[in-house]
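Student: I've got a model open on my screen and I'd like to learn how to read it. Can we walk through it together?

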Amino acid sequence: QFGIGAHYTLKALKDLGFAPKKVRTWREQAARSLHVALSRRRGGRQESSPAPWPERPIARLLAVWMSCSVGGPGMRLLESSGDIFFTESAGSNHLTSGASKLLLPIFVEHDRAAHAERQALLHVTNMILAGQNEMEDGRRSDVRGEVRLLGVHTPCISCLAVFCQFKAIFPNVDLQISFDDWPATRQSLLQAEARHSRKRRKKSIVPVDILLQFSSNFDRATTPKDLLNYLLTMYFS
Ligand SMILES: [Zn+2]
């Protein structure tokens, strides 16, 4: 990802007025939805042995969560409590939509048109304009509301430019951008997984067949310690 780093990106978002004021109210739920979506996407040979989370971000796993509540005269209220957008390869229909000519990406080292952040804003722009691209001086000041984004990695400079173009078209839509740098996202994915597997282990019970085998192998003189040892060897062998 070509960017200016998490620190300066955060500063840029603040200076541009895109930093959320009350991030806690929605970020947690957004992060959970992203975790579920990434876990489905990560791949691996089977569910029991998924591919490890890569240390460096890979295009396939770059995603954003977006919610919105936007309205204006002559349009029906556009509301979403949260959708996930992935960085798509060419062929995504957002990339050829009307909005794609309004929110232009920047070419830096490679094509960044398909980035998840842009996909999300193309989607909402298309929904708002609904095919009508009539604008005074390229603006739609009559459209009001709120759009929130949470990314799993620091937005690149092309996506920062897309945020600015969106704001220029819809100056009265409050655009709020939040993100985690990929290592932080990865860390919380690993922590969530560890919590999940601890819970699963707690729930497990001794299978009946092991108990039956035990009772046929030991007599009444067996102590609880024997039982425990037996179960441990059966269980972990
Ligand atoms: Zn980007």
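This is a predicted model: local features need pLDDT of at least 70, side-chain atom pairs count only at pLDDT 80 or more; totals for chains, interfaces and linings use all residues.

Student: Which atoms are the protein donors of the zinc ion?

Tutor: They are ND1 of H115, SG of C156 and SG of C159, and they lie 2.0 to 2.3 Å from the zinc ion. The pair H115 and C156 ties together distant parts of the chain, 41 residues apart. H115 is in the loop between β4 (75-86) and α3 (116-129), while C156 is in the loop between β5 (144-151) and α4 (157-169).

Student: Are H115 and C156 buried or exposed?

Tutor: Both H115 and C156 are buried.

Student: Now the sheet. How do I read strand pairing?

Tutor: The general idea is that strands pair through backbone hydrogen bonds, in a parallel or an antiparallel way. Here, 4 strands make an open sheet with mixed pairing, in the order β4-β3-β5-β6. The edges are β4 and β6; each has a single partner strand, so one side of each has no neighbour in the sheet. On average, neighbouring strands of this sheet are turned by 5 degrees against each other, ignoring direction.

Student: What packs on the sheet?

Tutor: That's α4, which touches β5 and β6, and its direction makes about 165 degrees with that of β6.

Student: How many bridges join β3 to β4?

Tutor: There are 8, and the two strands run antiparallel, with β3 covering residues 63-72.

Student: What is the relative accessible area of S178?

Tutor: It's 7%, so S178 counts as buried, the cut-off being under 20%. Leaving aside neighbours within four places in sequence, S178 is in contact with residues including P20, V23, W26 and R27, as well as L149, L150 and G151.

Note on methods:
Residues are numbered from 1 along each chain as its sequence is written. Side-chain values use heavy atoms; hydrogens and water are left out. Buried means under 20% relative accessible area, exposed over 50%, partly exposed in between (1.4 Å probe, protein chains only). Contact means heavy atoms within 4.5 Å. Donors are N, O and S atoms within 2.8 Å of the metal (3.2 Å for Na, K and Ca); water is not among the atoms, so sites may look incomplete. Two strands pair if DSSP finds at least two bridges between them. Axes are lines fitted to C-alpha atoms, for helices over the stretch in contact, and angles run from 0 to 180 degrees between N-to-C directions.
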